Amino acid sequence: MRPHLPLSLLLLLLLCAAHAVGALPRLCDVLRVLREEREQCQQELSKDRTGDLGVEQPTPVCEGLWDNMSCWPSSALGQTVEMECPRFLQMLTSRNGSIFRNCTQGGWSETFPRADLACGVNVNDSSNEKRHEYLLKLKVMYTVGYSSSLVMLLAALSILCAFRRLHCTRNYIHMHLFVSFILRALSNFIKDAVLFSSDDVTHCDAHRVGCKLVMVFFQYCILANYAWLLVEGLYLHTLLVVSFFSERKCLQGFIALGWGSPAVFVASWAVTRHFLEDVGCWDINANASIWWVIRGPVILSILINFILFINILRILMRKLRTQETRGNEVNHYKRLAKSTLLLIPLFGIHYVVFAFSPEDAMEIQLFFELALGSFQGLVVAVLYCFLNGEVQLEVQKKWQQWHLREFTLRPMALNSSFSNGTKTSAPEPNRSTWRASVI
């Protein structure tokens, strides 16, 4: 049996893009709104029955009614009552409309038109099923993408940490970038596990503080990832523009920028959400002005990176055209150009494009943010580690050393097995002779 399509779309959209523009609410948020509407309706209907002076009023032909969706006030015979679309349907569709009821001799008539059609939710529309399948495919793609990126990033980080000769400022920055991608992948898995572990109404109000902390951690990982992408661009630009600089102090400043600045913005966002939009688990960003506390720094870092990218290309082209640049320096600049060309335009430009796009383009945005964005860590690990010539050289040296050591120990193993397996009258070699054979 197929799941109820509107509910499936609701959960999948949130599961895929809780931080995307126009993301839809969870079922728990819908149930919370329905509960608040019901309580408010019951209070208003109770006041209508008793009146302002607390005196029981005569019963109208059509008494006030809560129909599990909308609150209908008491009405006289023959009156047509118009109500706006229920709030939970407006949350799903971001559209407003009107529904009506007539007060007849036999009581309230049926709602017309149907609430789902009047408010833009057509459960019989075949496009819902296609969208449902599309979102399922996106979920599979981004799960595979983040999982593969996590494995490759951990392997690349281990390689850079293991070899001392690879410890330099450039690779330290790469290692921090790897960690930011690892945290981004882990935060996505943690967010999904916490926010969508259960949508039962009994669990909706449980661990509310915990899920808010998870969203704070998630937003921090997103900002830190873009901050370290900015650091990569700044470092390349510094190498080309500044002739002499302290790499140790430069690295300390980059660490403060990469891990410290996201903490400032995320803390500001959390405080603002707590006082101005403390709704749900902070996974829905209905207030655009508050959401710009997160979106603004990301777009700013991307734009700065793009400006650095243009300037780096200009400097490299000028250096490569001069006759003074020869030999190893040319190869060094070519490697820098290759890193810049592959890194800066590849990551983040789509974020700027979709930040100002209409909500109708959300499916395309989800594809770029999730299906393609989840593989960014894998691409970075391959570019900066597995395809790095220095890394390949160190791995080859280690492999040759291990292979040579194994080849040296192999004759000793063969001699010992031969002497143990055959009867011989030859005297057993003493300890000094055995040690000399090993050397």
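Here are some questions and answers about this predicted model.

Colleague: Is the crossing of H7 and H8 left-handed or right-handed, and how many residues of their contact are nonpolar?

Modeller: Good pair to ask together! The crossing of these two helices, H7 and H8, is right-handed. As for the residues of the contact of H7 with H8, 1 is charged, 4 are polar and the nonpolar ones number 21.

Colleague: Now to the surface. Which helix gives the most to the nonpolar patch?

Modeller: The patch is formed by Leu186, Ile190, Val194 and Phe217, which together have about 280 Å² of accessible area. Phe217 is found in helix H7. The most, 3 residues, comes from residues 169-195, that is, helix H6.

Colleague: And salt bridges: which residue forms one with glutamate 390, and how far apart in sequence are the parts that the pair ties together?

Modeller: The structure holds 5 salt bridges. In one of them, glutamate 390 pairs with arginine 170, and their closest N and O atoms are 2.7 Å apart. Because glutamate 390 lies in helix H14 (residues 389-421) and arginine 170 in helix H6, the pair ties together parts whose separation in sequence is 220 residues.

How values were computed:
Residues numbered from 1 in each chain as written. Predicted model: local features only at pLDDT ≥ 70, side-chain atom pairs only at ≥ 80, totals over all residues. Heavy atoms only, no water. Left-handed = near helix turned anticlockwise from the far one by under 90°. Helix = DSSP H or I, 4+ residues; strand = E, 2+ residues; numbered from the N terminus. Nonpolar A, V, L, I, M, F, W, Y, C, P; charged D, E, K, R; others polar. Patch = residues over 30% accessible without salt bridge, like charges linked within 9 Å, V, L, I, M, F, W, Y side chains within 5 Å. Areas by Shrake-Rupley, 256 points an atom, 1.4 Å probe, with all protein chains shown as cover. Salt bridge = Lys/Arg side-chain N within 4 Å of Asp/Glu carboxyl O.
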